[in-house]
There are 2 protein chains.
Amino acid sequence: MQPRFEFDIHATDGAARTGVIRMKRGDIRTPAFMPVGTAATVKAMRPAEVRASGADIILGNTYHLMLRPTAERIASLGGLHKFMGWDRPILTDSGGYQVMSLSELRKMSEQGVQFASHLDGSRHMLSPERSMEIQRLLGTDIVMAFDECTPHPATHEEAASSMERSMRWAKRSRDGFDSGAEHAEVAALFGIQQGSMYEDLRRVSAEKLIEIGFDGYAVGGLAVGEGQAAMFGVLDYAPAMLPADRPRYLMGVGKPDDIVGAVVRGIDMFDCVLPTRSGRNGQAFTHAGPLNLRNAKYKDDSGPLDPDCACPVCGQWSRAYLHHLIKAGEILGAMLMTEHNIWFYQQLMAGLRSAIAEGRLTSHAAAFLGRYKGGE
Amino acid sequence: MQPRFEFDIHATDGAARTGVIRMKRGDIRTPAFMPVGTAATVKAMRPAEVRASGADIILGNTYHLMLRPTAERIASLGGLHKFMGWDRPILTDSGGYQVMSLSELRKMSEQGVQFASHLDGSRHMLSPERSMEIQRLLGTDIVMAFDECTPHPATHEEAASSMERSMRWAKRSRDGFDSGAEHAEVAALFGIQQGSMYEDLRRVSAEKLIEIGFDGYAVGGLAVGEGQAAMFGVLDYAPAMLPADRPRYLMGVGKPDDIVGAVVRGIDMFDCVLPTRSGRNGQAFTHAGPLNLRNAKYKDDSGPLDPDCACPVCGQWSRAYLHHLIKAGEILGAMLMTEHNIWFYQQLMAGLRSAIAEGRLTSHAAAFLGRYKGGE
């Protein structure tokens with residue numbers, strides 16, 4: 001029988017680790033990339049196609065789902081897994097980030113955030129308690145604590161104040177999660193470290209989270225415009241502040257080279273809209289870097305997107321065909337580009353896992369990054 | 001070994017027939033519905049998904065493909081089958097219909113049609129010879145003769161004049177097709193009967209086509225706004241004017257009830273954008289008639305689109321989920337609605353084939369039409 005939540009580390013290589021998170025709905029091989037399924041769908045992919053790419057877990061967005069079709073409706077229809085047809089683990093964010101970036105007429109207080117829906121202007125509230133309730137209604141496997149997204153850049157004082165509030169909300173999230181006893185028996189709760197770019201605040205945040213106690217820990221407040229160098233600067237110390245025997249999750253990251261650098265620094269889980277969104281926009285990730293398939297130079301190119309890719313798209317269709325589909329605005333273009341990109345990310349993670357298991361992450365990462373260019 | 005083109009009729013029931021067209025790239029069970037793959041893709045479906053629905057053949061549009069990516073480019077990339085990843089038969093239209101409905105600055109003459117592309121204004125020409133050349137470059141299995149689409153309504157004089165020109169073009173199409181000896185050894189050529197709503201002109205047209213000689217015959221110039229009653233009026237006599245041992249193809253038809261009525265009247269092949277286009281617009285075909293999934297009444301409906309449908313969509317997802325996807329503008333909504341609709345059409349054809357084979361088409365058609373309503 002699968003445990004509620006168990007993290008087995010099979011091997012380490014420097015700060016990097018590989019292993020498996022075991023949950024009721026299935027195993028999650030780490031380091032893991034979670035495709036983003038914002039509105040109860042990984043855009044342009046069927047669940048079986050997501051699974052075939054090697055994904056063990058997907059991410060859903062609390063903010064989007066609470067507004068449409070609503071958490072209550074999903075609950076009455078049997079939960080998010082049944083609703084969308086994905087029977088493996090789902091992680092949902094808390095809604096905290098998107099309520100700040102997408103909603104209108106926000107009013108922040110110690111209690112939470114009051115806001116108007118970006119869809120229809122209807123009034124809603126998100127708080128630690130309400131976020132826990134929504135994620136419970138969805139039937140989420142990995143629940144994220146509700147926190148405040150510290151703006152970037154932030155002064156030390158601003159970052160400290162925001163982090164302190166997030167830590168109070170982390171405790172309220174823990175209590176809210178635990179009050180849903182039935183769900184808490186099958187789901188896990190992750191806390192989120194804040195502290196902006198300040199090492200002392202990151203340490204305080206980590207200590208407070210550890211005192212509360214979570215199944216896993218996210219490094220929050222990164223990928224907010226600080227750039228890769230600054231992000232890696234934080235990742236040089238932040239993961240080590242979190243319990244070594246718990247999964248570490250870097251939210252909203254990132255480009256393939258971001259992921260490689262973060263895995264080297266001890267991160268176990270990632271999510272990002274980049275492979276899906278870029279795919280819909282005509283960008284393909286390849287071992288030689290991203291390609292923009294809108295470029296006319298591909299119109300007669302009979303080769304695959306990436307000759308070293310094992311995905312069904314590269315096995316069947318040419319760059320010329322994908323260029324044609326994208327230029328013609330065909331839905332199949334978005335479907336195939338997304339499928340390839342999700343496979344590329346999953347193959348990236350599988351390669352990193354093997355390299356860690358075999359103690360050759362340094363050379364593997366150098367080889368990958370040496371070949372991978374930032375894009376055309 | 002598969003023959004170039006052979007039509008075996010296995011059973012008849014009244015005017016209706018069921019059988020199989022055998023071609024180099026595979027068998028086509030008749031009556032057959034051909035999903036439309038306008039721009040080298042059946043919109044929102046992968047070829048394997050189209051095939052899984054039961055489709056034996058798809059249709060491509062000469063007009064669209066000659067403009068983008070161009071027939072020459074497709075030929076240099078190995079032909080349409082390889083380009084799009086569909087290895088079974090493809091029928092292409094001649095471009096005659098769409099050059100009249102979509103292009104700009106048309107100039108008609110006995111030679112053909114000069115026109116400007118609706119995409120970029122570039123100048124092109126379509127004639128019987130050029131249409132045959134394009135369909136040869138594409139590597140089409142069933143080539144359609146280039147004809148003039150008679151406007152509706154047309155006077156007897158207008159219809160006669162237009163039909164006579166189409167018959168001269170049919171002969172030039174035959175000659176053009178035969179001049180491509182290598183392609184003519186593996187492909188088939190269909191003539192198109194014209195004559196608008198006039199029985200005497202339909203008879204003249206049929207006689208002229210038979211004199212030229214074709215592998216199959218289309219009833220053209222219908223589904224142009226005349227309505228179902230007028231269309232059935234023509235189909236009460238027109239199919240019988242065409243050789244009984246050759247397939248009869250009703251171009252651009254139609255709604256499920258149109259297809260049932262046309263099969264009863266002796267038609268063997270159909271194509272229509274309705275299942276794909278309607279799917280993208282949120283309309284699902286079901287045994288109880290079309291449903292508009294945008295309707296708010298489906299937001300809590302946990303049932304499948306059609307409880308009597310064997311498609312993968314009805315086996316997995318609820319009306320509530322599809323309603324959500326469509327309201328949210330999700331690509332997966334277009335994908336799943338299209339897949340269901342194409343399956344619905346293929347199941348419709350399979351049901352008609354079985355009924356004809358078992359001599360119960362009359363009761364089968366009555367039962368289907370009795371349950372099927374025009375839509376909400």
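Me: Why is the pairing of E49(A) with R46(B) called a salt bridge?

Reply: In this predicted model, the closest N and O atoms of E49(A) and R46(B) are 3.1 Å apart. The cut-off for a side-chain nitrogen of Lys or Arg and a carboxyl oxygen of Asp or Glu is 4 Å, so the pair qualifies. In general, side chains of opposite charge can pair when their charged atoms come close.

Me: What else makes up the contact between the two chains?

Reply: Chain A brings 35 residues to the contact and chain B brings 36. Together the chains bury about 3100 Å², with 57% of that on carbon and sulfur atoms. There are also 18 residue pairs in polar contact across this interface, both residues at pLDDT 80 or more. On the chain A side, α1, α4 (80-84), α15 (319-327) and α16 (331-357) each supply at least two residues. The largest share, 6 residues, comes from α16(A). By type, the residues on this side of chain A divide into 19 nonpolar, 5 polar and 11 charged.

Me: What are the domains of chain A, and what lies between them?

Reply: Domain 1 covers 5-271 and domain 2 covers 279-374. The contact between these two domains takes 29 residues from domain 1 of chain A and 25 residues from domain 2 of chain A. Their centres, taken over C-alpha atoms, are separated by 27 Å. The two domains bury about 2300 Å² between them, 74% of it on carbon and sulfur atoms. On the domain 1 side, D13(A), P256(A) and V260(A) supply 25% of the buried area, more than any other three residues.

Me: How many salt bridges and polar contacts cross between the two domains of chain A?

Reply: For salt bridges the count is 0. For polar contacts there are 5 residue pairs, both residues at pLDDT 80 or more. Several elements of domain 1 each give at least two residues to the side that touches domain 2, among them β1 (5-13), β2 (16-23) and α12 (256-264) of chain A. The biggest giver on that side is α12(A), with 6 residues. The residues there divide into 16 nonpolar, 6 polar and 7 charged.

Me: How do you know which peptide bonds to call cis in chain B?

Reply: Look at omega. For the bond joining R68(B) and P69(B), omega is about 10°, and the bond is cis. P69(B) lies in the loop between α2 (62-67) and α3 (71-76) of chain B. The bond from V253(B) to G254(B) is also cis, with omega near 0°. G254(B) is in the loop between β13 (248-250) and α12 (256-264) of chain B.

Me: What makes T70(A) worth a look?

Reply: Phi of T70(A) is near 90°, a positive value in a residue other than glycine. Most residues other than glycine have a negative phi, and most peptide bonds are trans. You can find T70(A) in the loop between α2 (62-67) and α3 (71-76) of chain A.

Technical notes: Residues numbered from 1 in each chain as written. Chains lettered and ligands numbered in written order. Predicted model: local features only at pLDDT ≥ 70, side-chain atom pairs only at ≥ 80, totals over all residues. Heavy atoms only, no water. Domains from an automatic or database assignment. Contact = heavy atoms within 4.5 Å. Buried area = accessible area lost by both parts, 1.4 Å probe. Polar contact = N/O pair within 3.5 Å; in protein donor to acceptor, adjacent residues only side chain to side chain. Helix = DSSP H or I, 4+ residues; strand = E, 2+ residues; numbered from the N terminus. Nonpolar A, V, L, I, M, F, W, Y, C, P; charged D, E, K, R; others polar.
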